[in-house]
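Good morning, and thank you for coming. Please turn to the sequence and the structure, which I shall show now.

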Amino acid sequence: MNKIMDNYNRWLEHVKEADLLEELKSIRDKDEEINDRFYRELEFGTGGLRGVIGAGSYRMNVHTVAKATQGYSNYLNSHASSQGKPSVAIAFDSRNKSELFAMAAAGVFAANGIQVHIYQELMPTPALSYAVRALGCDGGVVVTASHNPAKYNGYKVYGPDGCQITLEAAEAILKQIDSVDVFDDVKTMDFEEGCARGSIMLISEEIITGFIDAVSERAMNPKEIDKNVSIVYTPLNGTGRYSVTRCLRENGYTQITIPEEQEMPDGNFTTCPYPNPEIREALEVGLKKARETGSDLLLATDPDCDRVGVAVKDGSDYKLISGNQMGILLFDYICKTHRENGTMPQNPVVVTTIVSTRMIDKIAADYGVEVRRVLTGFKFIGEQIGFLEEKGEENRYIFGFEESYGYLSGGHVRDKDGVNASLLICEMFAHYKAKGLSLLQVLDSLYEKYGYFKEALQSITFEGASGAKKMADLMEDLRKNPPSEIAGYGLLGVKDYAQGVGGLPKSNVLEFNMQQDVNVLVRPSGTEPKIKMYYLVKGESEAKGDHLVSSLEKYFTEVCKG
């Protein structure tokens, strides 16, 4: 505890920001609070940083952001070519202090001789990926905590390919960060001074338009669809408001209604405390507006607009479509349209993750599409596009998706793209509506053809300083003592991705292959104190699939409690 108190007192001595200093003083006699804020530093991984906003080494604040940026700057300068100084692009979302953290990062980069290109307004994460490539940058940063609650913020790092950094790059950057003292070693420059010197430059409208145009080029049937359809769209007080609505309108979808409560940026997310388009609670405001307007389709993007949630009219109510289901619908629509238009490339490729639906294999086989499975994280999907690009075969890539509501239908960016997905979903919706079909009817027809596949994600949180150890102990126990049966289904085999599976990078994931097409994958979250269980099953009906998933959830709830 002495080391923790020494760290706390050092922050008291060095911190100058009034809000942070007041926060530190307010916990002076609260040992548990001091321990939680200073017992460790925010962990930097392939997802960058993510944590609760506040004062302390285990919080997101200008000092932890500056330290990470100094380490990243050291990495970039050590890897710079002799032809010139490195450059980075920066974007930020609507979260509390996102702009402040982005400006702090820009000042550190500039002070380290790195050219900064920064968006002057809120822009989606995929727009950052686009800017890195369009500007020929050596890397990039987007300040966001994606769909997490309002108390969080984060700092995602990108490589020169527009993908989030690789495992190897993250490890090298982490070594640099670990060598940086948060107060003594950080170089910084005032943001306005950096702009005056030309070390910090605002990203031009030309780049923004280039991103929108690149998304528009991904449309499948832009001229043959009646686009006079009513759509309710909510950006959940995030960055999608400008880019999604502009893209849809420029492509002919003009009947767009945005709920007033969730239209403008709001880092407190007062109408959706957990701004995750995967859950119904976050969509209630949008659903209310859809009922008022009679719209058949509700779109929702998360605060950094890389994920899209969808609800469609189902009788007198609305039904949410899961990430796996939307991935299946989009993939089938893309393949079907390519086939009808005669535009399917030779040896087409779809990329998905090890935790996403197995139904994709059945559909891909019908269309002659190669399925590539990668580790969890869209950067691995983007990486596959890069591999194809290196061979001059980028056009083989026709779609990529992950179960967590991320989709991408082209190589214009190397991350999941909520703007791209929103355009495709609206097009697909309008296409089937003209044929008298709802997306739910199309989905049912796919289940009838290929079998009823059911997927579910269960997350169990381990809070506090002891949470990380509990998660590590649980994974170790499952490795050493795999269950002989789960919920009555016998174990056929175990894949330990930490040992490397099928040429994939090593990752802390366990896959249990059970009898009767039951698969369970277990992994600790890379950004949150959670263990995640992915259930992938095939049932004879929807009810049987639901029952099977419920049995698996009950089993693993008891395992985690134990």
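I begin with Val419, which is buried at a relative accessible area of 1%; buried means under 20% relative accessible area, exposed over 50%, and partly exposed in between, with a 1.4 Å probe and protein chains only. Before I continue, please note that this is a predicted model, in which local features need pLDDT of at least 70 and side-chain atom pairs count only at pLDDT 80 or more, while totals for chains, interfaces and linings use all residues. Residues are numbered from 1 along each chain as its sequence is written, and side-chain values use heavy atoms, with hydrogens and water left out.

Val419 belongs to helix α15, residues 418-434. Helices here are DSSP runs of H or I with at least four residues, strands are runs of E with at least two, and both are numbered from the N terminus. Which residues does Val419 touch, not counting those up to four places away in sequence? They are Pro124, Phe211, Val215, Ser243, Val244, Cys247 and Cys305, where contact means heavy atoms within 4.5 Å. Phe211 is 208 residues from Val419 along the chain, yet their C-alpha atoms are separated by 9.7 Å.

Asn112 is my second residue, in the loop between α5 (98-111) and β3 (115-118). Asn112 also counts as buried, at 10% relative accessibility. Leaving aside neighbours within four places in sequence, Asn112 is in contact with Gln70, Ser73, Asn74, Asn77 and Lys187.

Leu174, by contrast, is partly exposed, with a relative accessible area of 29%. Leu174 sits in helix α7, residues 167-178. From C-alpha to C-alpha, Leu174 and Thr293 are 50 Å apart in space, and 119 residues apart in sequence.

I turn now to a pair of helices. The axes of α1 (residues 2-14) and α3 (residues 31-38) come within 9 Å and cross at roughly 85°; axes are lines fitted to C-alpha atoms, for helices over the stretch in contact, and angles run from 0 to 180 degrees between N-to-C directions. α1 is therefore roughly perpendicular to α3, a term for angles of 65 to 115 degrees. On the α1 side, Ile4, Met5, Asn7, Tyr8 and Trp11 meet Ile34, Asn35 and Phe38 of α3. By class, this contact has six nonpolar, two polar and no charged residues. Nonpolar covers Ala, Val, Leu, Ile, Met, Phe, Trp, Tyr, Cys and Pro; charged covers Asp, Glu, Lys and Arg; the others, Gly among them, are polar.

How values were computed: Angles under 35 degrees count as roughly parallel, over 145 as roughly antiparallel, 65 to 115 as roughly perpendicular and the rest as oblique.
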